[in-house]
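Dear colleague,

I am handing over the structure below, together with an account of what was found in it. Please read the account with the structure open beside you.

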Amino acid sequence: MSDAADLASLEEQLGRTPYPPARVVCRCPAGRPVAVEQPPTTPDGAPFPTAYWLTCPGLIHAVSVLEADGGVHALEERVATDEEAAAAFDEAQARHAALRDGLGIGGVRNLRAVKCLHAHVAFALGAPPYPIGDALLAEAGGIPATCCMEAR
């Protein structure tokens, strides 16, 4: 898929003109973007808070269901009570902060805060390994086996 085709796919997936990504970091079986790496700033110079962004509507929906079912609170609780999870979370937050001017995954300044699960899944796809993001991806059903855009 060419850059023009990727941009057209992203526009169709997001329902708007996308900010041009630095690169596609994960694709579905049909070759469409699932997640992209974003430059640190938008074309007009505004900061883009998260390094990786989910674009696949099917996966976005599945992660939204996790969030609606209390997933953000559950992840915060897990990080607060599970030392292994806390270490993996902190390591990923530090890696993301190095990419984004001190901001953690999801653009948070409090590196123990969870803003959204989508950013954690996107980080797992773009900057592995990230066990927490991988677990969230699995809980959401993984990358769809068939392209949700082609099923429309």
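**Helix H2 and its surroundings**

The buried residues of H2 pack against H1, S2, S3, H3, H5 and H6. Please bear in mind throughout that this is a predicted model. The buried residues in question are Pro-57, Leu-59, Ala-62, Val-63 and Leu-66. Helix H2 itself covers residues 57-68, which makes 12 residues. From its first C-alpha to its last, H2 reaches 16 Å, close to the 16 Å expected at 1.5 Å a residue. After H2 comes Gly-70, with a positive phi near 90°.

**Helix H4**

Which residues of H4 are buried? They are Ala-85, Ala-86, Ala-88, Phe-89, Ala-92, Gln-93, His-96 and Ala-97. Viewed down the axis of H4, these buried residues fall within an arc of 170°, so they line one face of the helix. The general rule behind such a pattern is that an α-helix has 3.6 residues a turn, so residues three or four places apart point the same way.

The buried residues of H4 pack against helix H3 (71-81), helix H5 (117-126) and helix H6 (131-139). On the face turned away from the buried side, H4 carries the exposed residues Glu-83, Glu-84 and Ala-98.

Both ends of H4 deserve a look. At the start of H4, a side-chain oxygen of Asp-82 comes to within 2.9 Å of the backbone nitrogen of Glu-84. Just after H4, Asp-101 has a positive phi of about 50°.

**The loop between S2 and S3**

Three residues of this loop were examined individually. Pro-43 sits in the loop between strand S2 (33-37) and strand S3 (52-54). Its relative accessibility is 64%, so Pro-43 counts as exposed. Not counting residues up to four places away in sequence, Pro-43 touches Tyr-19 and Pro-20. Val-79 is 36 residues from Pro-43 along the chain, and their C-alpha atoms are separated by 35 Å.

Phe-48 also has its place in the loop between S2 and S3. At 9% relative accessibility, below the 20% cut-off, Phe-48 counts as buried. Leaving aside neighbours within four places in sequence, Phe-48 is in contact with Tyr-19, Gln-38, Pro-39, Pro-40, Thr-41, Thr-42, Trp-53 and Arg-100. Phe-48 and Tyr-19 are 29 residues apart in sequence, while their C-alpha atoms are 9.6 Å apart in space.

Thr-50 belongs to the loop between S2 and S3 as well. With a relative accessibility of 5%, Thr-50 counts as buried. Its contacts, apart from neighbours within four places in sequence, are Gln-38, His-96, Arg-100, Gly-106 and Ala-119. Of these, His-96 is one of the buried residues of H4.

**His-118**

A polar atom of the His-118 side chain lies 3.1 Å from the backbone oxygen of Ile-60. The side chain of His-118 is also joined to that of Ser-64 by a polar contact of 3.1 Å. Beyond its neighbours within four places in sequence, His-118 is in contact with Leu-54, Ile-60, Val-63, Ser-64 and Glu-67. Among these, Val-63 is a buried residue of H2.

**Pocket and cavities**

The largest pocket holds about 250 Å³ of space. It is lined by 13 residues, of which Trp-53, Leu-54, Cys-116, His-118 and Ala-119 are the closest to its centre. Helix H1 (3-14), S3 and H5 are the elements that give two or more residues to this lining. S3 provides the largest share, with 3 residues.

How many cavities of 30 Å³ or more are there? The count comes to 2. The largest cavity contains about 60 Å³ of space. Its lining consists of Leu-10, Leu-14, Arg-16, Pro-18, Tyr-19, Pro-21, Val-36, Gln-38, Phe-48, Trp-53 and Thr-55.

With kind regards

Note on methods
Residues numbered from 1 in each chain as written. Predicted model: local features only at pLDDT ≥ 70, side-chain atom pairs only at ≥ 80, totals over all residues. Heavy atoms only, no water. Buried < 20%, exposed > 50% of the residue type's maximum accessible area, 1.4 Å probe, protein only. Helix = DSSP H or I, 4+ residues; strand = E, 2+ residues; numbered from the N terminus. Arc of directions from axis to C-beta. Contact = heavy atoms within 4.5 Å. Polar contact = N/O pair within 3.5 Å; in protein donor to acceptor, adjacent residues only side chain to side chain. 1 Å grid on protein atoms, 1.4 Å probe; cavity = no way out; pocket = protein on both sides within 12 Å on 5 of 7 lines; lining within 4 Å. Points joined across faces, edges and corners; volume = space filled by probe spheres on them. Expected span 1.5 Å × (residues − 1).
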